[in-house]
Amino acid sequence: MLELKHIVKRYDYQKVLDDINMVFPECGIVSIIGPSGCGKSTLLNIIGGIDDDFQGDILFNNKSVKKHLASYRRKHVSFIFQQFHLNMWLSIKENVALPQFFHPQEKQKILLDLDDLKQAKMKDLSLGQRQRLAYLRSRYHLSDILLCDEPTGSLDPDHSDQVMQLLKEESRNRLVILVSHNQQLVEKYSDEIYEMKDGYIIHHQVIDNPMKHMNKPKTTSKIHFSHLRLSMSSFMSHKSRSFQLVFGLCVSLLCIVFTLTLSTNLEQELINYVYSLVPASSISFQTSNHESLTLDIIDQFNDYSTIIKAEMYLDDYEFLGISFKGERYQESNTLFIGDDTSPYDDLALEIGTYPTQNYEILVSLSTAKYLCQDSDLSELIGKKVYGWYQHGLNVKAIEYKVVGITNQSTTLDTIYTMKHAYIYLLSSVYDFDVSNVSASLGIIYVNKDSDRSNVIEQLENDYPSFQFKEVGASTAQSISDTMNQVRMILLIFSFLAILSSLFLIGEVMFLNIVQKKKDLAIMKCFGANTFDIVRIVLYESLEIVLLAQIFSTILYFNCISLLNNIVSGVLLNDSFTFKIDFRILVIVYILSYILIFISQIPPLLYILRLNTVNALKE
Ligand code: ADP
Ligand code: MG
């Protein structure tokens, strides 16, 4: 079944095994004896397929397995090591069932033997108990070949004999290759004995030729989510370090999502503020060659159903504000009015009526409250107010009458007048002819239900010689631009934070693997291939990221609501709240997965280069 052909092994150009040729039977105990350092363990490593650096060939069922040592090992070989090689961070059960994590194995009842150990921890086990676990684990993998390197080396004579009896039983249906110093036991139990010296076989003796008992085909199964379970065990084996990593990454993630949320919210708030100063529904227009606009031209736009009002903007006449006194302009007694041409068609009235005359005005609720101070709002209705205008050095007042109060608050104090009303009134005060009045700029107020850019498109089609512009759009754009710059800077800092914590994870995982390389090598001896190990390590990193994301999401939600509480307390303004942005969460979290994969490259490279034989010697 198993055959070694011309095996030569060198360490640093020095031959440790020299032209070893062996033919093994299908079952029975084949012992290898010899003085310390003669190459027994080296030979066993080669037979076991964990050392691939040798010359010569291994034949299994007459086929060379030298090119596929890993799969040969996974399918056909099991081990009992002198130092037991148990995984301290796995449970007793997981240690015994280790082969089943990587390969379907027969369902076995041997776990019953563990009843007395169920409560025990790995580190509390005695040598004898560890020995037993190592033995049980080797049985868990129903391999054709069982390799035992000094399995009784650390046992007293009684226990040694017990183990040998168990091995004898094992050898009825598989090949047991035994390396031992105990001449007496070897002679008592072996079916064949090889004697080695200085890397050569110097003697071969066949004592018995046992027949293999046929194994009945049995049902096999694999442990579910095996890699995930092993990775979690690894995670929990160094809890405090794992949670430090989780915490570090959590803080970085929180920083970045918070930064992005704040800057996005702030930008939106600033843009909203700009549009509260200039209505988001207004369009300014002028002719392409800066020709003057007349009222007739302006009125053409008033025919559109999408337009509430088109107004001429007399920029020669500056509106200074309103005051209750009409004798003389006093800046201190005048309330500055920001916008005097916007329409009132879609505004509801708090009290009063809509204007029917040019001199009748509405004021916004916030303006009315300011004007009334403590007295009743209705006292304002019917009151005269003076609108002060400046033309050159000439400051004059128009007499208005307040007829109604709208129901909305405005950022700047606002009055509303009928279409062209102020132009007619100005013409009588400043004595000019309305039919000759002209301006370079007009303003169009778009219906709330119509889209401003669609209206512009239509107007541009109908009036190709005019230029139309969204009012406030350029200010909003420049706010966006500035915020983008601020956000870029914040982003760079946040990404540095996230990058450093991910590299920390990469570094810690690297150290983790260096520390656990022996355990990983043990897994390789019991059925894991390199890809299995890679998956376990990757899963552990992903668990760290996932936990960090869960914690940072919870903290994020809490921080935002805490912040909103503070803001509403300080500003006494519930219109401004920080909104949770799920897009930011998703983008940042996907990005952190990409970065974690990058940070895993050094540990994964280390795994690929891991030398099983050397790792086991650690
Ligand atoms: P045994 O198991 O028979 O005691 P080993 O197979 O462990 O002997 O070792 C055989 C020889 O190979 C010894 O001389 C030992 O020093 C040498 N050897 C083993 N491992 C290494 C190694 N990694 N590097 C260099 N020499 C080694
Ligand atoms: Mg040895």
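**View 1. An open sheet of four strands.** Four strands, in the order β2-β1-β4-β5, form an open sheet with antiparallel pairing. Strands β2 (14-24) and β5 (63-64) stand at the edges, each with a single partner strand, so one side of each is left without a neighbour in the sheet. Strand β1 (residues 2-11) pairs with strand β4 (residues 55-60) in the antiparallel sense over five bridges. Within this pairing, D57 in β4 is the bridge partner of K5. Two strands are said to pair if DSSP finds at least two bridges between them. Helices (H or I, at least four residues) and strands (E, at least two) are DSSP runs, numbered from the N terminus.

**Notes for every view.** This is a predicted model, in which local features need pLDDT of at least 70 and side-chain atom pairs count only at pLDDT 80 or more, while totals for chains, interfaces and linings use all residues. Residues are numbered from 1 along each chain as its sequence is written, chains are lettered from A and ligands numbered from 1 in the order in which they are written, and side-chain values use heavy atoms, with hydrogens and water left out.

View 2. Five of the five residues of strand β8 (residues 145-149) are buried, where buried means under 20% relative accessible area, exposed over 50%, and partly exposed in between (1.4 Å probe, protein chains only). On one side of β8 the buried residues are I145, L147 and D149, and on the other L146 and C148, which leaves both faces covered. Strand β6 (residues 77-80) pairs with β8 in the parallel sense over four bridges, and I145 in β8 is the bridge partner of V77. Strand β9 (residues 175-179) also pairs with β8 in the parallel sense, over five bridges. In β9, L178 stands opposite C148.

**View 3. The largest nonpolar core.** A nonpolar core is a set of buried Ala, Val, Leu, Ile, Met, Phe, Trp, Tyr and Cys residues joined through side-chain atoms within 4.5 Å. The largest one has 114 residues, and those with the most contacts inside it are L2, F24, I47, L167, I177 and M523. Helix α14 (residues 473-525) gives the largest share of this core, 12 residues. Apart from this core lies another, of 47 residues, including I283, V363, V446 and I456. Not counting residues up to four places away in sequence, L2 touches M22, V23, F24, I47, I58, L59, F60, Y72, I145, L175 and I177. Contact means heavy atoms within 4.5 Å.

View 4. M488, I489, I492, F493, L496, L499 and F503 make a nonpolar surface patch of about 710 Å². Patches are made of residues with over 30% relative accessible area and no salt bridge; like charges are joined within 9 Å, and nonpolar side chains (Val, Leu, Ile, Met, Phe, Trp, Tyr) within 5 Å. Accessible areas come from the Shrake-Rupley method with a 1.4 Å probe, and for residues only the protein chains shown count as cover. F493 lies in helix α14 and counts as exposed, at 58% relative accessibility.

**View 5. Salt bridges.** Side chains of opposite charge can pair when their charged atoms come close. A salt bridge is a side-chain nitrogen of Lys or Arg within 4 Å of a carboxyl oxygen of Asp or Glu, and the count by this rule comes to 12. D191 and K168 meet through their side chains in a salt bridge (3.2 Å, N to O). D191 lies in the loop between α7 (183-189) and β10 (192-197) and K168 in helix α6 (residues 157-170), so the pair ties together parts that are 23 residues apart in sequence. D191 counts as buried at 5% relative accessibility, whereas K168 counts as partly exposed at 28%. R174 forms a salt bridge with E170, and their closest N and O atoms are 2.6 Å apart. R174 is buried, with a relative accessible area of 2%, and E170 is buried as well, with 7%. K9, D51 and D53 are linked in a network of salt bridges.

**View 6. Helix α11 and what covers it.** Six of the eight residues of helix α11 (residues 365-372) are buried: L365, S366, T367, A368, L371 and C372. Their cover includes β16 (317-323), β17 (349-352), β18 (360-363) and β20. Q373 follows α11 and has a positive phi, near 55°.
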